[in-house]
Amino acid sequence: MPEPYDVITMGRIGVDLYPLRTGVPLARVDTFGKFLGGSATNVAVAAARLGRRAAVITRTGRDPFGDYLHQALREFEVDDRWVTAVDEYPTPVTFCEVFPPDDFPLYFYRLPKAPDLEIRPDELDLDAIRSARIFWMTGTGLCAEPSRTATLAALEARGKSGITVFDLDWRPMFWPNGANPGDPGDAKPDGAEPGAVYARALRHATVAVGNLDECEVAVGEREPHAAARALLAAGVELAVVKQGPKGVLAVHRDGTWAEVPPVPVDVVNGLGAGDAFGGALCHGLLAGWDLERVMRYANAAGAIVAGRLACSSAMPYDEEVARTLADGRVPAGDPPPDPAETPSAASSTARSSARSPEDLS
């Protein structure tokens, strides 16, 4: 049997088109950088940048943007064998506006439906999912069928073997009628109440990661310690609660816990900070570090990406995170050139007032 993957993620993929001028509304932007995007995909890239063997389960359209995403994944050394094409729907595109330090509106073009919501249970390689050291799934994958059933099937196949991470990833615009946590869903056959679906997933996960809004959706609590206790009661072994400017709280079922402050950063674009945090979290958990070390490492990785324009191509290498931890300073500019990075995006030097990357996740 092939060697198990360190990290397999499952969920969203798309093309990010980011303006190469900051502080300018989209109506006035005339130059964009093109990047690999999507939360679950970015987490796989972040883990690969840190030396982990990573793969992603997702779907694209059968179009040139889909071809680009395959190319970018391979250049980032993320296995794309489970990235398949959907004939009916185009590859999603996401635009953002960049108004540092804390305003980054997103515009998702995922209609009539995103291909990554067409992941089907019978297409899953359950043996690979079971054997992966970490399996990472997201709340977005639960928002529609057949992705919801496929994601739950993957979780059930894991049987809590290894580390199974539920990224709470609450995006209300992806749910039927923009559902709120207490809504019963809509009249469609795939309508579902988000809180109930989250509860089903939490029963199979060993780690839950989310900010205060996402914790409230999942377990009805937004006070950090109460949210962590509720997540543990829902079935996970480790609850990671992002607290914005207060940093991050991590509580383990065995009674150990850590609460660490953020790393100050001159924010360029905060959109990729949470995904960098996720990839670094995977790296630290696989390394067997103590909880505080894992959280400090993940915080530093998130801060580095918040200080850069892009998401996927901005993911840091281990030596960059180590330097930030050693001297408390976030390196200026992008990482060493990567084949999947557009040259014009690497030239951005915009900076703004210091903020916490956790405040942007």
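The largest nonpolar core of this predicted model has 69 residues. A nonpolar core here is a set of buried Ala, Val, Leu, Ile, Met, Phe, Trp, Tyr and Cys residues joined through side-chain atoms within 4.5 Å. Buried means under 20% relative accessible area, exposed means over 50%, and partly exposed lies in between, with a 1.4 Å probe and protein chains only. The residues with the most contacts inside this core are Leu36, Val78, Val207, Val240 and Met295. Helix 9, residues 291-306, gives the most to this core, with eleven residues. Apart from it lies another core, of 46 residues, with Tyr5, Leu212, Ala228 and Ala239 among them. As background, nonpolar side chains tend to be buried together in soluble globular proteins.

A word on conventions. Residues are numbered from 1 along each chain as its sequence is written, and side-chain values use heavy atoms, with hydrogens and water left out. Since the model is predicted, local features need pLDDT of at least 70 and side-chain atom pairs count only at pLDDT 80 or more, while totals for chains, interfaces and linings use all residues.

Let me turn to the protein as a whole. There are eleven helices and 16 strands in the protein. Helices (H or I, at least four residues) and strands (E, at least two) are DSSP runs, numbered from the N terminus. Of the 361 residues, 59% count as buried. Among contacts with a separation of 6 or more, 70% are accounted for by residues 24 or more positions apart; contact means heavy atoms within 4.5 Å.

Which residues does Leu36 touch, leaving aside residues up to four places away in sequence? They are Ile13, Gly14, Asp16, Thr41, Asn42, Val45, Tyr68, Leu69, Ala72, Leu73, Phe76 and Ser312. Gln71 lies in helix 2, residues 64-75, and is partly exposed, with a relative accessible area of 43%. The C-alpha atoms of Gln71 and Leu36 are separated by 9.5 Å, the two residues being 35 apart along the chain.

I now come to helix packing. Two packed helices are described by the angle between their axes and the distance between the axes. The axes are lines fitted to C-alpha atoms, for helices over the stretch in contact, and angles run from 0 to 180 degrees between N-to-C directions.

Helix 8, residues 273-287, packs with helix 9 at an angle of about 150°, their axes being 7 Å apart. Helix 8 is therefore roughly antiparallel to helix 9. Angles over 145 degrees count as roughly antiparallel, under 35 as roughly parallel, 65 to 115 as roughly perpendicular and the rest as oblique. On the side of helix 8, the contact includes Ala273, Phe277 and Leu281; on the side of helix 9, it includes Met295, Tyr297 and Val305. By class, the contact of helix 8 with helix 9 has 13 nonpolar, four polar and no charged residues. Ala, Val, Leu, Ile, Met, Phe, Trp, Tyr, Cys and Pro count as nonpolar, Asp, Glu, Lys and Arg as charged, and the others, Gly among them, as polar.

The second pair is helix 6, residues 212-219, and helix 7, residues 224-234, which pack at an angle of about 40° with axes 10 Å apart. These two helices are therefore oblique to each other. Helix 6 contributes Leu212, Cys215, Ala218 and Val219 to the contact, and helix 7 contributes Pro224, Ala227, Ala230, Leu231 and Ala234. By class, this contact of helix 6 with helix 7 has nine nonpolar, no polar and no charged residues.

Finally, some details of the backbone. A cis peptide bond joins Leu111 and Pro112, with omega about 5°, and Pro112 lies in the loop between strand 8 (106-109) and helix 3 (126-131). Another cis peptide bond joins Glu145 and Pro146, with omega about 0°; Pro146 is in the loop between strand 9 (134-138) and helix 4 (147-158).

Lys160 is partly exposed, with a relative accessible area of 31%. Asp169, also not a glycine, has a positive phi near 40°. Asp169 is found in the loop between strand 10 and helix 5 (194-202) and is buried, with a relative accessible area of 3%.
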